[in-house]
Amino acid sequence: MTAPPAGPPPPLDAVVVGAGPNGLSAAVTLARAGLRVQVIEAHGRVGGGLSSATLTLPGFVHDFGSAIHPLAAASPAFRQWPLHAFGLDWIHPDAPVAHPLPGGRSVTLERDLHATADALGRDGPAWVRLMAPLLDDWEGLLDDILRPLPRVPSHPVTLARFGVRGLPPAALLGQTLFRTPEARALWAGLAAHSCLPLGTPGTSAMTLVLALLGHAVGWPFPRGGAQALADALRAYLEYLGGTVVTGVTVTDARDLPPARVTLVDSSPAALLGILGDRAPARYRAALEGYRYGPGIQKFDYALSAPMPWQDPRVARAATVHLGGLAPEIATSEREAGRQVPARPYVLGAQHTLFDPGRAPAGGHTFWAYAHVPNGSDQDAQAQIEGQIDRFAPGWQELILARTCTTATQLQAFSPVFHGGDVNGGRGDLPGLLARPVPTPTPYRTPVRGVYLCSSATPPGGGIHGMAGHHAALTALKDEFRLQVES
């Protein structure tokens, strides 16, 4: 007796365009609710900017995009999913962040709040007063700020404390609270992650979050490369019954299989291509006027030895902020929107000190980027490497190979990085409140069944998956009448 011929596969409930962290997070959220989900990815592997590759020499593993992941370790979505069962193993360096200073000194953000205070000397008590009230309820605070606004907060007292501290410009708050160059530099180095001039209102919020996470969960990274986190999300999705198709580019709705809902993990510009003529004129105009932040220029290095820091204590951290004193960092971030800064703030990562399997025996990697004007192809190598050389003289003699990725090359890799903007749009207060348009539910588009789930929606940039998670929850409620706990 022969088996009956296999029929067509069951129709899809949802299709997700793009397998970046938000696309994968959206797909997992939908699959956990019992939906038939397919993810379509243009590249041969999942992850997008959350990926790893051999970018220099054989045996050297580099993170193509994001490299250090405090938000991923703390993500309310990722924390509730069993990603460790699918290969994710977090590595925690001895210290979350090191910040070299002129003259061979350095200051570190320590995992322990009071150890950080001790390192900051007479500014230690001010650091504790700033952070301790938020640290007491950090999980509740993160649940409130990693969701769309406006919403009734679940932890209003902690959120109010955060708001009072987070609304001022980072430059003003740092100068007001701290007296020593060490504390001011540490604060400015954290603030520069915002990709905004440090005099911008609201930049203290990102600064607080990053400092808080350093104390609450550390600044870890996945063993073996950022790809391990993306692969764990894919494996969990497939365990839940979802499917992933790679090597397929979607630029038009006709490229998609039939499904009840579509979620797009890409830029507003790419979303307009998929919506086509279905996008109303007002919505199209709003997305065409969407404001992006600076781009980045990134370098990956294969080294013959560890970085020769002037202060050996810098080797205690995987993340290194290279910008000098607070006024220097403020100048760099003010210039970055218009030109390559003469002395750019450089964000560095030295994984192989803690994860030696990423390089051949004796070899090391170094990952570095600086902010540049959006869409810039200007060569910033001299400025970036000159800044590194201030704090690790002679390091260039260790370079076996280097690879540069410009802002336009980053956009060519994925349209989600419009002009090289890794945060999905400008992160000032207007950019966060109208992301991508001013509406209480920014994931919905005017086209029924189509949703935006990228970092161009709340809560914005960073590897946390929460934009995808909340977009999926919105689709479940709208189209399937399913109310799922967030």
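Figure 1. Helix axes here are lines fitted to C-alpha atoms over the stretch in contact, and the angles between their N-to-C directions run from 0 to 180 degrees. This is a predicted model, where local features need pLDDT of at least 70 and side-chain atom pairs count only at pLDDT 80 or more, while totals for chains, interfaces and linings use all residues. Residues are numbered from 1 along each chain as its sequence is written, and side-chain values use heavy atoms, with hydrogens and water left out. Helices (H or I, at least four residues) and strands (E, at least two) are DSSP runs, numbered from the N terminus. In this view, helix H7 (residues 156-166) and helix H10 (residues 203-216) have axes that come within 7 Å and cross at roughly 125°. On the H7 side, Phe162, Arg165 and Gly166 make the contact (heavy atoms within 4.5 Å). H10 answers with Thr203, Ser204, Ala205, Leu208 and Val209. Sorted by class, that gives 4 nonpolar, 3 polar and 1 charged residues. Ala, Val, Leu, Ile, Met, Phe, Trp, Tyr, Cys and Pro count as nonpolar, Asp, Glu, Lys and Arg as charged, and the others, Gly among them, as polar.

**Figure 2. Helix H10 again, this time with H6.** The axes of helix H6 (residues 138-145) and H10 come within 11 Å of each other, crossing at roughly 140°. From H6, the residues in the contact are Trp138, Leu141, Leu142 and Ile145. They meet Val209, Leu212, Leu213 and Ala216 of H10. Here the class count is 8 nonpolar, with no polar and no charged residues.

**Figure 3. Helices H1 and H11 side by side.** Jump to helix H1 (residues 21-32) and helix H11 (residues 227-239), whose axes come within 9 Å and cross at roughly 25°. Leu24, Ala27, Val28, Ala31 and Arg32 are what H1 brings to the meeting. H11 brings Ala230, Leu233, Tyr236 and Leu237. Of these contact residues, 8 are nonpolar, none is polar and 1 is charged.

Figure 4. Helix H9 (residues 181-191) is largely enclosed by the rest of the structure, because 8 of its 11 residues are buried. Buried means under 20% relative accessible area, exposed means over 50%, and partly exposed is in between (1.4 Å probe, protein chains only). The buried ones are Ala183, Ala185, Leu186, Trp187, Ala188, Gly189, Leu190 and Ala191. Follow the chain into the loop between H9 and H10 and you come to Cys195. Although Cys195 is not a glycine, it has a positive phi of about 60°. With a relative accessible area of 7%, Cys195 is buried too.

**Figure 5. Ser75, tucked between two helices in sequence.** Look for Ser75 in the loop between helix H2 (70-74) and helix H3 (76-80). Its relative accessibility is 0%, so Ser75 counts as buried. Setting aside neighbours within four places in sequence, Ser75 is in contact with His464 and Met466. Asp143 is 68 residues from Ser75 along the chain, yet their C-alpha atoms are separated by 8.4 Å.

Figure 6. Gln378 is in the loop between strand S14 (364-372) and helix H15 (381-391). At 42% relative accessibility, Gln378 counts as partly exposed. Not counting residues up to four places away in sequence, it touches Gln297, Val340 and Gln383. In H15 itself, the buried residues are Gln383, Ile384, Glu385, Gln387, Ile388 and Phe391. Their cover includes strand S6 (95-101), strand S11 (295-303), strand S12 (317-322), strand S13 (346-349), S14 and strand S15 (399-405).

**Figure 7. Two cis peptide bonds.** One runs from Arg435 to Pro436, with omega near 0°. Pro436 has its place in the loop between helix H17 (429-433) and strand S16 (450-452). Another cis bond links Pro458 to Pro459, where omega is near 5°. Pro459 lies in the loop between S16 and helix H18 (466-480).

**Figure 8. Stepping back to the whole chain.** The chain has 18 helices and 16 strands. Its C-alpha atoms fill a box of roughly 80 × 50 × 40 Å along the principal axes. Of the 486 residues, 60% are buried. Among contacts with a separation of 6 or more, 75% join residues 24 or more positions apart.
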